[in-house]
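I am opening a notebook page for this chain. I want its overall build, its domains, its core and its ligand site.

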Amino acid sequence: MLNPSFTRIGLSPIVEISERIRDLAPRWEAANGGKFAFLQRGELADNTPAYITRAIGEAIEAGLTRYPKSGGEPWFKDAVLARLAEAGISDVGREHVLCTYGGQEGLQLTFNLFAGGRVVAFAPTWSCVLENIAPYGNYTLDPVAFIERDGALEIDFAQVEAKLPGADLLYVNTPHNPTGKVFSREELSRLNDLCLKHGVRIVSDEAYEDFVFGGARHVSLLEFPGDHIFSVHTCSKSYAATGFRIGYTVCRDANLISKMTLGEYTQTAGVVPFIQKAFAVALTSVEEREAWLRPLMERFGRRRELIVERLAPVLGPGLYRPEGAFYFFLNLKGLVPEAPAGTPQGAFVLQRFLDAGVAVIPGTAFGGPEYAHHVRLSFSGIEEEQLGKALDRITKRVLG
Ligand SMILES: Cc1ncc(COP(=O)(O)O)c(C=O)c1O
């Protein structure tokens, strides 16, 4: 009999759509002229900064090519501690840090540490948690939808409180994929209090911690005391390093981190040591990080403004302006036609975008049929000029 965990999981719609357009994009370009716009993936088009790739070569030459220390090398953990100290978190030690294969493995190990059950999560929810991490860990996902009010996304605290009793985990993701909401300190503090009251552990997914706009500030749940919080981090986004697969998870319960270390030993033996070395350099090179992130965020900020400028007149006050990450989650109800009978609305909306030479992710990838008129648009991998052209096609051919 197949392990039921494997029968419950599927390929992320994001990966599926990216595969599909590999063939479709060149055909569209040949037929239409112009460039197909890849607004589907949460991945930077920029290369990993050279000071990091150089460090990989040096680490290989220095012989860091043997079995790793499961859970992370002490010097990698020290680099994480230095990075956390920068954010004012200094009451953690090596025993509270686990080096993982990206944020994804951090989430998977955290979820799998417990026996499964029920995880409360804000909806819409990152598709991988919905389709993979939660079902693989034998959890049912209990969604709490954000309340859309006056251009803001608010937390329905009454619903959270109603759902927490008897739940095993609360999954919080700030900055949030797919909406771009950045949870405020006050919101996180209230969520933390509710979790403490009901004895629920928090999984805090901070993959987009370095991507905040305007006056927004990322607050880590680790800034709150307690050993019920797992904060899951990744180098994928902050260092344009999705292919290196490295991240780290932090929890103040050293016993649980040592259990997760055994889990990691069992499944992979640990993260490739020369990659750990290069990202230990990345985490501790504060000036290089600033020099890389500042211009990057200026470019991202301009892309975000361009989208607002072009779409606000069409979407009106319903357009939510992301404060973080690099996505817009657009509600196109009333702006796109209804699907003909027999065609799912999400697939129909996606096809309109693909016909216009733009790849996006249908909203249903992040929740149920209530998101059939939504799409997630990512501005992480497209320069302003091409983005402008894609937005022209969206307003004229998709919404027109
Ligand atoms: C919300 C969220 N969490 C975690 C991740 C994990 O990324 P990785 O496994 O590449 O570190 C992603 C990647 O897209 C994400 O969107």
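My entries follow, from the whole chain down to the ligand shell.

**Ground rules.** I am working on a predicted model, where local features need pLDDT of at least 70, side-chain atom pairs count only at pLDDT 80 or more, and totals for chains, interfaces and linings use all residues. I number residues from 1 along each chain as its sequence is written.

**Overall build.** I looked up the secondary structure and found 13 helices and 14 strands (DSSP runs numbered from the N terminus, helices being H or I with at least four residues and strands E with at least two). The C-alpha trace spans about 55 × 50 × 50 Å along its principal axes. I checked the radius of gyration next: the chain has 21 Å, which agrees with a compact globule of 400 residues, near 21 Å. That radius is taken over C-alpha atoms, and the globule rule is 2.2 Å times the number of residues to the power 0.38.

**Domains.** I noted two entries from an automatic or database domain assignment: domain 1 covers 4–47 + 289–398, and domain 2 covers 51–284. Their centres, over C-alpha atoms, are 25 Å apart. The contact uses 31 residues of domain 1 and 33 residues of domain 2 (contact means C-beta atoms, placed from the backbone, within 7 Å). On the domain 1 side, helix H2 (13–32), helix H11 (286–315) and strand E11 (327–331) each give at least two residues. I sorted that side by class: 16 nonpolar, nine polar and six charged residues. Here Ala, Val, Leu, Ile, Met, Phe, Trp, Tyr, Cys and Pro count as nonpolar, Asp, Glu, Lys and Arg as charged, and the others, Gly among them, as polar.

**Core.** I then turned inward. Of the 400 residues, 48% count as buried (20 or more other C-beta atoms within 10 Å of their own, C-beta atoms being placed from the backbone). The largest nonpolar core has 114 residues (buried Ala, Val, Leu, Ile, Met, Phe, Trp, Tyr and Cys joined through C-beta atoms within 7 Å). Helix H10 (residues 273–284) gives the largest share, seven residues. Domain 1 and domain 2 each supply at least three residues of this core. Val129 is among the residues with the most contacts inside the core. Leaving out residues up to four places away in sequence, Val129 touches Leu107, Ala121, Ala134 and Tyr171.

**Ligand shell.** Which residues are closest to the ligand? I find Gly102, Gly103, Gln104, Thr234 and Ser236, within a surround of 13 residues (C-beta atom, placed from the backbone, within 6 Å). Helix H5 (residues 102–113) gives the largest share of the shell, three residues. By class, I get two nonpolar, 10 polar and one charged.

Definitions and conventions
Contact = placed C-beta atoms within 7 Å. Buried ≥ 20, exposed ≤ 12 C-beta atoms within 10 Å, placed from the backbone.
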